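Here are my notes for anyone opening this one up for the first time. Keep the viewer handy and follow along point by point.

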Amino acid sequence: MTQRPATAAVPAAVPASETAPLREPSLLDATCNAFAEDFAALSPTDATAAGIPGHDGELQNFCPEYFSSVADRIRELVADVEALNDTTDDSDDDEDFDDVDHLTATIVRDRMASYLAFHHRGEDLRWLNNIDSPVQIIRDSFELMPKDTPEALDAVASRMSKVREALRGYAESLAEAASAGRVAARRQVEAVIEQCEALAGEHSQLQDQGLDPDSQVVVGARDAFAEFADWLSTELAPLAGTEDAVGRDRYELFSGYFLGREVDLDQAYAWAREELAVTVEEQKQLAQALYGEGTGVLEAYRKLDREPRYQLHGTEALMEWMASVNEEVHRELGGVDFTVPEDMPQVQCAVDRAGSGGIFYTPPSDDFSRPGTMWWSVPKGQETFHTWQELTTVFHEGMPGHHLQLATSMLQRRTLNLWRRTMCWNAAHGEGWALYAEHLMADHGYFEDPGFRMGLLDSRRLRLARVMVDIGVHLKKATPDGSGVWDAQYAKAFLRSNCAMGDANLAFELDRYLGWPGQAPSYALGYRDWLTLRDKAVAQGMELRRFHDKALRLGSMPMDLLASEVLNH
């Protein structure tokens, strides 16, 4: 998931796109709002990510006490929800739960139970990977912070001055986990060491945060990352094993969190394998239609890359193209298959300086003073970009993907409390919708061009392949070719043969799957859930635009809960 720079901001205002009847906030809403504010104080980087003001100058210390404090506050929330639920009797009293409250309570129980399960098993203390752990959280929080006033820059400097303490606390947590034999795989430790060294180096992102690059606070933060890299190298890396697989027990824990429900992992693997074969066959036929009989899919990829009509040169051209695609969808499809709220700002486009090759979206702040932004993490030296491959990504991250999804839910102030609008996230719902959005655009003719159609199939193929990679490696399943058991080497070759990614992006993605178990399958499995739900809703007589609007206005939640809300009301 990951955060980045505040670009041109829209004027701060309370959004007005309220389509639901007026609803007074309930006691449960107040409880959730209080939790969101308390959590923002406990975890200031999450406050920055959610756009909750007042905490940008702070930085949590990732020591064991921090994780215990978060768990304690979560237990208080769960206890408060249960106490409120016990006092309601479904009468007409103001304190009783209404339908929104009942759903909120169910979502709270699901999300908080998952976090507490992680805490009880010590997963929070050992938390280290190449994409979603404290080093990336600290790094990325600076990119999301405003820098347009002296006060904003003071907050940047204040947070940066706390980096050393935060990293030393993180080392305490990792050391405590290691003492119990819980250490991330060596691959992840080495990836984080490399990231820390980049933050400590001559071209550090920390030097581009609006402060004097030679100031004591910037130099001190860079030194802190160098110190932490040394600690990882000398203290943690020798304890890290080479085994990437987490095993079925831990994998089920992670999978349950990302999907919000138990899934038959072996059936999911088999389903992905079958769907992958169908997709590959369609690509083979398309490759020959594009370039003649005997042309293979990978050869077609190379030829598409060489076609000038699919090329963009330079990041400025890339940003302009991304913006134009989003503007076209915003303009032409709003009111057709979905409603674009009148007060939803256009998505912004920006270059992420991490250079991993990843592409992602960060939501707007709660008051929309910070825009929703698509980020393209451009590897060093890359100057040519291929639209045939990336059109689907624009739909996924921008319109009608994450930008429409998250901005729509954030505008539902009459029905969704602060926690549900800004902090509640289920990966199958979120990533499943974004993948669903890619395929929705095919229904509107955006992939009639055979090159763009190949890109859509490439996206589908990757999402299916990584279901197999993720489950295959972590559960040590037999490889599809029967040559042995899934491992990192086989997974890399499998990915290379099933996607058009460049080497830098592919290497990053593989490390991501190995260090963030259970997250990658949420895309394809969530997409499958969205398709199933849509088909059931349409069979009940629900018009497609009404289905999309209703589902998105409910906000993020496990897909079985969403199905119940959409189909039974």
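1. Let's start with histidine 402: is this residue buried or exposed? Histidine 402 has 5% relative accessibility, so it counts as buried (buried is under 20% relative accessible area, exposed is over 50% and partly exposed is in between, using a 1.4 Å probe and protein chains only). You'll find histidine 402 in helix α15, residues 402–410. Helices here are DSSP runs of H or I with at least four residues, strands are E runs of at least two, and both are numbered from the N terminus.

2. A word on what you're looking at: this is a predicted model, in which local features need pLDDT of at least 70 and side-chain atom pairs count only at pLDDT 80 or more, while totals for chains, interfaces and linings use all residues. Residues are numbered from 1 along each chain as its sequence is written, and side-chain values use heavy atoms, with hydrogens and water left out.

3. Back to histidine 402 and its surroundings. Its side chain is joined to that of glutamine 405 by a polar contact of 3.0 Å. (A polar contact is a pair of N or O atoms within 3.5 Å; within protein, one must be able to donate a hydrogen and the other to accept it, and residues adjacent in sequence count only if both atoms are side-chain atoms.) Leaving aside residues up to four places away in sequence, histidine 402 touches Tyr361, His396, Glu397, Ala407, Trp425, Gly430, Glu431 and Ala434, where contact means heavy atoms within 4.5 Å.

4. Tyr361 takes us to strand β3 (residues 359–362), which is covered on both faces. Ile359 and Tyr361 are buried on one side, Phe360 and Thr362 on the other. β3 pairs with β4 (residues 373–377) in the antiparallel sense, over four bridges; two strands pair if DSSP finds at least two bridges between them. Isoleucine 359 has tryptophan 376 of β4 as its bridge partner, and threonine 362 has threonine 373.

5. Zoom out and there's an open sheet of three strands, in the order β2-β4-β3, with mixed pairing. β2 (348–352) and β3 are the edge strands, each pairing on one side only. From one strand to the next, the twist averages 25°. β2 and β4 run parallel, joined by five bridges; aspartate 352 is the bridge partner of serine 377 in β4, and alanine 350 stands opposite tryptophan 375.

6. How many of the five residues of β4 are buried? Five of the five are, so β4 is largely enclosed by the rest of the structure. Thr373, Trp375 and Ser377 sit on one side, with Met374 and Trp376 on the other.

7. Have a look at the loop between β3 and β4 too, where aspartate 366 has its place. With a relative accessible area of 11%, aspartate 366 is buried. Its side chain makes a polar contact of 3.1 Å with the side chain of arginine 421.

8. Now helix α1 (residues 27–42). At the helix start, a side-chain oxygen of serine 26 comes to within 3.3 Å of the backbone nitrogen of leucine 28.

9. Next, the cores. The largest nonpolar core has 172 residues, and Phe225, Trp419 and Val566 touch the most other members. (Such a core is a set of buried Ala, Val, Leu, Ile, Met, Phe, Trp, Tyr and Cys residues joined through side-chain atoms within 4.5 Å.) Helix α18 (residues 450–474) gives the most to this core, with 12 residues. Apart from it lies another core of eight residues, including Ile131, Leu253, Phe508 and Trp516.

10. Last one: valine 297, in helix α12 (residues 297–306). At 9% relative accessibility, valine 297 counts as buried. Valine 297 and methionine 454 are 157 residues apart in sequence and 9.0 Å apart in space, C-alpha to C-alpha. Not counting residues up to four places away in sequence, valine 297 touches Gln283, Lys284, Ala287 and Arg461.

Definitions and conventions:
Axes are lines fitted to C-alpha atoms, for helices over the stretch in contact, and angles run from 0 to 180 degrees between N-to-C directions.
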